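Here is a friendly briefing to read alongside the model.

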Amino acid sequence: MMVNTEPQQRPHHPAVAAQIKQRAEDVQLRIADGITTFAGSMNFVYIHVVLFAVWMVVLERDPWPKLTLIVSPEAIFLSTFVMIGQNRQAAFQQAKADHDFNEQELELKTNTEITRAIHALTTELHRRVVDNAQ
(Lines give C-alpha, C1' and ligand atoms only; values in the text may rest on other atoms or scores of the structure.)
Protein backbone atom coordinates (compact mmCIF):
# COMPACT_ATOMS: atom_id res chain seq x y z
CA MET A 1 0.00 0.00 0.00
CA MET A 2 1.40 3.39 -1.04
CA VAL A 3 1.04 6.39 1.20
CA ASN A 4 0.69 9.81 -0.39
CA THR A 5 3.41 11.96 1.19
CA GLU A 6 2.77 15.03 -0.93
CA PRO A 7 1.04 17.90 0.87
CA GLN A 8 -2.48 18.38 -0.43
CA GLN A 9 -3.18 21.70 -2.11
CA ARG A 10 -6.31 23.25 -0.71
CA PRO A 11 -8.31 25.51 -2.96
CA HIS A 12 -7.74 29.21 -2.45
CA HIS A 13 -10.41 31.68 -1.43
CA PRO A 14 -11.76 33.32 -4.63
CA ALA A 15 -10.34 36.71 -3.57
CA VAL A 16 -6.92 35.09 -3.03
CA ALA A 17 -7.07 33.31 -6.41
CA ALA A 18 -8.00 36.58 -8.15
CA GLN A 19 -5.13 38.43 -6.49
CA ILE A 20 -2.61 35.69 -7.34
CA LYS A 21 -3.74 35.82 -10.97
CA GLN A 22 -3.55 39.63 -11.09
CA ARG A 23 -0.08 39.67 -9.53
CA ALA A 24 1.17 36.99 -11.93
CA GLU A 25 -0.08 38.93 -14.98
CA ASP A 26 1.25 42.39 -14.00
CA VAL A 27 5.01 42.89 -14.40
CA GLN A 28 5.00 46.00 -12.18
CA LEU A 29 3.32 44.11 -9.35
CA ARG A 30 5.80 41.24 -9.65
CA ILE A 31 8.70 43.73 -9.47
CA ALA A 32 7.15 45.51 -6.49
CA ASP A 33 6.55 42.15 -4.77
CA GLY A 34 10.16 41.13 -5.36
CA ILE A 35 11.55 44.39 -4.00
CA THR A 36 9.22 44.35 -1.00
CA THR A 37 10.06 40.71 -0.26
CA PHE A 38 13.80 41.37 -0.43
CA ALA A 39 13.61 44.67 1.50
CA GLY A 40 11.67 42.91 4.24
CA SER A 41 14.30 40.22 4.72
CA MET A 42 17.25 39.91 7.04
CA ASN A 43 19.52 39.52 3.98
CA PHE A 44 18.65 43.13 3.10
CA VAL A 45 19.69 44.21 6.60
CA TYR A 46 22.92 42.20 6.53
CA ILE A 47 23.92 43.54 3.11
CA HIS A 48 23.30 47.12 4.22
CA VAL A 49 25.23 46.68 7.45
CA VAL A 50 28.24 45.25 5.61
CA LEU A 51 28.16 47.78 2.75
CA PHE A 52 27.75 50.80 4.99
CA ALA A 53 30.37 49.56 7.47
CA VAL A 54 32.91 48.96 4.69
CA TRP A 55 32.11 52.31 3.11
CA MET A 56 32.28 54.28 6.35
CA VAL A 57 35.37 52.55 7.78
CA VAL A 58 37.44 51.73 4.69
CA LEU A 59 36.44 53.80 1.66
CA GLU A 60 35.52 57.26 2.93
CA ARG A 61 37.14 59.56 5.42
CA ASP A 62 33.96 61.64 5.79
CA PRO A 63 31.06 59.43 4.64
CA TRP A 64 28.18 61.38 6.21
CA PRO A 65 27.23 63.77 3.38
CA LYS A 66 27.20 61.01 0.74
CA LEU A 67 25.61 58.54 3.14
CA THR A 68 22.76 60.96 3.78
CA LEU A 69 22.40 61.58 0.05
CA ILE A 70 22.14 57.84 -0.65
CA VAL A 71 19.96 56.61 2.22
CA SER A 72 17.37 59.40 1.94
CA PRO A 73 16.09 58.40 -1.53
CA GLU A 74 16.38 54.73 -0.52
CA ALA A 75 14.14 55.39 2.49
CA ILE A 76 11.66 57.25 0.28
CA PHE A 77 11.48 54.40 -2.23
CA LEU A 78 11.24 51.69 0.45
CA SER A 79 8.43 53.53 2.23
CA THR A 80 6.66 53.85 -1.12
CA PHE A 81 6.92 50.09 -1.66
CA VAL A 82 5.54 49.53 1.84
CA MET A 83 2.57 51.77 1.04
CA ILE A 84 2.00 49.96 -2.27
CA GLY A 85 1.92 46.69 -0.35
CA GLN A 86 -0.45 48.11 2.27
CA ASN A 87 -2.80 49.43 -0.42
CA ARG A 88 -2.86 46.05 -2.16
CA GLN A 89 -3.42 44.29 1.15
CA ALA A 90 -6.33 46.62 1.97
CA ALA A 91 -7.87 46.00 -1.46
CA PHE A 92 -7.44 42.26 -0.98
CA GLN A 93 -9.05 42.35 2.47
CA GLN A 94 -11.97 44.35 1.08
CA ALA A 95 -12.47 41.89 -1.79
CA LYS A 96 -12.35 38.97 0.65
CA ALA A 97 -14.78 40.67 3.04
CA ASP A 98 -17.18 41.42 0.16
CA HIS A 99 -17.02 37.80 -1.02
CA ASP A 100 -17.51 36.45 2.50
CA PHE A 101 -20.48 38.78 3.05
CA ASN A 102 -22.12 37.61 -0.18
CA GLU A 103 -21.54 33.96 0.73
CA GLN A 104 -22.97 34.49 4.22
CA GLU A 105 -26.03 36.22 2.81
CA LEU A 106 -26.58 33.32 0.40
CA GLU A 107 -26.15 30.83 3.25
CA LEU A 108 -28.64 32.76 5.38
CA LYS A 109 -31.16 32.77 2.51
CA THR A 110 -30.69 29.03 1.97
CA ASN A 111 -31.04 28.27 5.68
CA THR A 112 -34.19 30.41 5.86
CA GLU A 113 -35.70 28.53 2.89
CA ILE A 114 -34.81 25.17 4.47
CA THR A 115 -36.30 26.26 7.79
CA ARG A 116 -39.54 27.32 6.07
CA ALA A 117 -39.71 24.01 4.17
CA ILE A 118 -39.16 22.04 7.39
CA HIS A 119 -41.88 24.07 9.09
CA ALA A 120 -44.29 23.43 6.20
CA LEU A 121 -43.50 19.69 6.22
CA THR A 122 -43.82 19.49 10.00
CA THR A 123 -47.17 21.30 9.88
CA GLU A 124 -48.43 18.99 7.14
CA LEU A 125 -47.19 15.90 8.99
CA HIS A 126 -48.84 17.08 12.19
CA ARG A 127 -52.09 17.76 10.34
CA ARG A 128 -52.09 14.27 8.80
CA VAL A 129 -51.26 12.53 12.08
CA VAL A 130 -53.96 14.46 13.96
CA ASP A 131 -56.53 13.86 11.20
CA ASN A 132 -55.77 10.11 11.09
CA ALA A 133 -55.97 9.84 14.88
CA GLN A 134 -59.52 11.18 14.94
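How far apart should the ends of helix H3 (residues 42–59) be, and which distance do its end C-alpha atoms show? At 1.5 Å a residue, the 18 residues of H3 should span 26 Å, and the end C-alpha atoms agree with this at 24 Å apart. The expected span here is 1.5 Å times one less than the number of residues, and helices are DSSP runs (H or I, at least four residues), numbered from the N terminus. Please keep in mind that this is a predicted model, in which local features need pLDDT of at least 70 and side-chain atom pairs count only at pLDDT 80 or more, while totals for chains, interfaces and linings use all residues. Residues are numbered from 1 along each chain as its sequence is written, and side-chain values use heavy atoms, with hydrogens and water left out.

- Phe44, His48, Phe52 and Trp55 are the buried residues of H3, where buried means under 20% relative accessible area, exposed over 50%, and partly exposed in between (1.4 Å probe, protein chains only).
- Seen down the axis of H3, these buried residues fall within an arc of 60°, so they line one face of the helix; the arc is that of the directions from the helix axis to the C-beta atoms.
- An α-helix has 3.6 residues a turn, so residues three or four places apart point the same way.
- On the other side of H3, the exposed residues are Val49, Val50, Val57 and Val58.
- The buried residues of H3 pack against helix H2 (27–39) and helix H4 (64–133), with contact meaning heavy atoms within 4.5 Å.

**Aromatic pairs**

- A search of the whole structure turns up two aromatic pairs; rings of Phe, Tyr and Trp (its six-membered ring) pair if their centres lie within 6.5 Å, and planes under 30 degrees apart count as stacked, over 60 as edge-to-face and the rest as tilted.
- Phenylalanine 38 and phenylalanine 44 make an edge-to-face pair, at 5.5 Å centre to centre with 90° between the planes.
- Phenylalanine 38 counts as partly exposed at 40% relative accessibility, whereas phenylalanine 44 counts as buried at 13%.
- Phenylalanine 52 and tryptophan 55 form a tilted pair, 6.3 Å centre to centre and with 35° between the planes.
- Because phenylalanine 52 and tryptophan 55 are three residues apart in helix H3, about one helical turn separates them.
- Tryptophan 55 has 13% relative accessibility and therefore counts as buried.

**Helix H2**

- The 13 residues of H2 should span 18 Å at 1.5 Å a residue, and its end C-alpha atoms, 18 Å apart, agree with that.
- Leu29, Ala32 and Asp33 are the buried residues of H2.
- Viewed down the axis of H2, its buried residues fall within an arc of 100°, so they line one face of the helix.
- The cover over the buried residues of H2 includes helix H1 (14–25) and H4.
- Aspartate 26 caps the N-terminal end of H2, with a side-chain oxygen 2.9 Å from the backbone nitrogen of glutamine 28.

**Aspartate 33 and its partners**

- Aspartate 33 sits in helix H2 and counts as buried at 16% relative accessibility.
- Leaving aside neighbours within four places in sequence, aspartate 33 is in contact with Arg23 and Arg88.
- Aspartate 33 forms a salt bridge with arginine 88, their closest N and O atoms being 2.1 Å apart; a salt bridge is a side-chain nitrogen of Lys or Arg within 4 Å of a carboxyl oxygen of Asp or Glu.
- This pair links distant parts of the chain, with aspartate 33 in helix H2 and arginine 88 in helix H4, 55 residues apart.
- Both aspartate 33 and arginine 88 are buried.

**Other salt bridges**

- The whole structure holds seven salt bridges.
- Lysine 66 and glutamate 60 meet through their side chains in one of these, at 3.2 Å from N to O.
- Lysine 66 counts as partly exposed at 45% relative accessibility, and glutamate 60 counts as partly exposed at 22%.
- Arginine 127 and glutamate 124 form another, with the closest N and O atoms 2.3 Å apart.
- Being three residues apart in helix H4, arginine 127 and glutamate 124 are separated by about one helical turn.
- A network of salt bridges links Glu124, Arg127, Arg128 and Asp131.

Definitions and conventions
Helix = DSSP H or I, 4+ residues; strand = E, 2+ residues; numbered from the N terminus. Polar contact = N/O pair within 3.5 Å; in protein donor to acceptor, adjacent residues only side chain to side chain.
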